[in-house]
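This briefing is intended for a reader who is meeting the structure for the first time. Please view the sequence and the model together before turning to the points below.

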Amino acid sequence: GQAGVGTSDASGRFALTTPDLPTPGVAVGSYRVVISKKINPHGTDFPPSPDQDPMPAAYKELLPPIYHDEAKSVLQAEVPAEGTKTLEFKLRSKAR
């Protein structure tokens, strides 16, 4: 199916869009969710750019593969026919 993408703000709020659709949002259905947090080698946020392939860029992924790896993600979401304005994902990590 068609994927949706979004970027969260400092408070964790986000909006999803589908690149091929003219309006914000995603189609009704079940989704596997991938959440990623990348930083530059010096510790600042790695700004994603639609014009740049992130693969050759030097960055560090802060989240474990169960969140950021499409093949391993345990996160799921359901978008009902009436739509939703709230999707919440509580990420957990081991204490260090």
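The structure is a predicted model, in which local features need pLDDT of at least 70 and side-chain atom pairs count only at pLDDT 80 or more, while totals for chains, interfaces and linings use all residues. Residues are numbered from 1 along each chain as its sequence is written, and side-chain values use heavy atoms, with hydrogens and water left out.

**Overall fold and surface**

- The chain contains 1 helix and 4 strands, where helices (H or I, at least four residues) and strands (E, at least two) are DSSP runs numbered from the N terminus.
- Along the sequence, these elements follow the pattern β-β-β-α-β.
- The chain has 96 residues, of which 16% count as buried; buried means under 20% relative accessible area, exposed means over 50%, and partly exposed lies in between, with a 1.4 Å probe and protein chains only.
- The accessible surface of the chain is about 7800 Å², and 54% of that surface belongs to carbon and sulfur atoms; the areas come from the Shrake-Rupley method with a 1.4 Å probe, and for residues only the protein chains shown count as cover.
- Of the contacts between residues at least 6 apart in sequence, 44% join residues at least 24 apart, a contact being heavy atoms within 4.5 Å.

**The aromatic pair**

- A pair of aromatic rings is described by the distance of the centres and the angle of the planes.
- Rings of Phe, Tyr and Trp (its six-membered ring) pair if their centres lie within 6.5 Å; planes under 30 degrees apart count as stacked, over 60 as edge-to-face and the rest as tilted.
- A search of the whole structure gives 1 aromatic pair.
- The partners are F46 and Y59, whose rings are tilted, with 5.0 Å from centre to centre and 40 degrees between the planes.
- Both F46 and Y59 lie in the loop between β2 (38-39) and β3 (60-61), and the pair links distant parts of the chain, 13 residues apart.
- The C-alpha atoms of F46 and Y59 are separated by 6.8 Å.
- F46 counts as buried because its relative accessibility is 13%, whereas Y59 is partly exposed at 29%.

**Salt bridges**

- Side chains of opposite charge can pair when their charged atoms come close.
- A salt bridge is a side-chain nitrogen of Lys or Arg within 4 Å of a carboxyl oxygen of Asp or Glu, and the structure has 3 salt bridges by this rule.
- K37 and D45 form one of them, with 2.4 Å from N to O; K37 is partly exposed at 31% relative accessibility.
- K38 and E61 form another, in which the closest N and O atoms are 4.0 Å apart.
- This bridge joins distant parts of the chain, with K38 in strand β2 and E61 in strand β3, 23 residues apart.
- K38 is partly exposed, since its relative accessible area is 23%.
- K90 and E88 also meet in a salt bridge, at 3.5 Å from N to O.
- K90 counts as exposed at 61% relative accessibility, and E88 is exposed with a relative accessible area of 62%.

**E61 and its surroundings**

- E61, located in strand β3, counts as buried because its relative accessibility is 19%.
- Its side chain makes a polar contact of 2.4 Å with the side chain of S36; a polar contact is a pair of N or O atoms within 3.5 Å, where within protein one must be able to donate a hydrogen and the other to accept it, and residues adjacent in sequence count only if both atoms are side-chain atoms.
- The side chain of E61 also reaches the backbone nitrogen of K37 at 2.9 Å.
- Apart from neighbours within four places in sequence, E61 is in contact with S36, K37, K38 and H68.

**E78 and its surroundings**

- E78 lies in strand β4 (residues 75-79) and is partly exposed at 48% relative accessibility.
- The side chains of E78 and S30 are joined by a polar contact of 2.4 Å.
- Not counting residues up to four places away in sequence, E78 touches G29, S30 and L87.
- E78 and R32 are 46 residues apart in sequence, and their C-alpha atoms are 9.0 Å apart in space.
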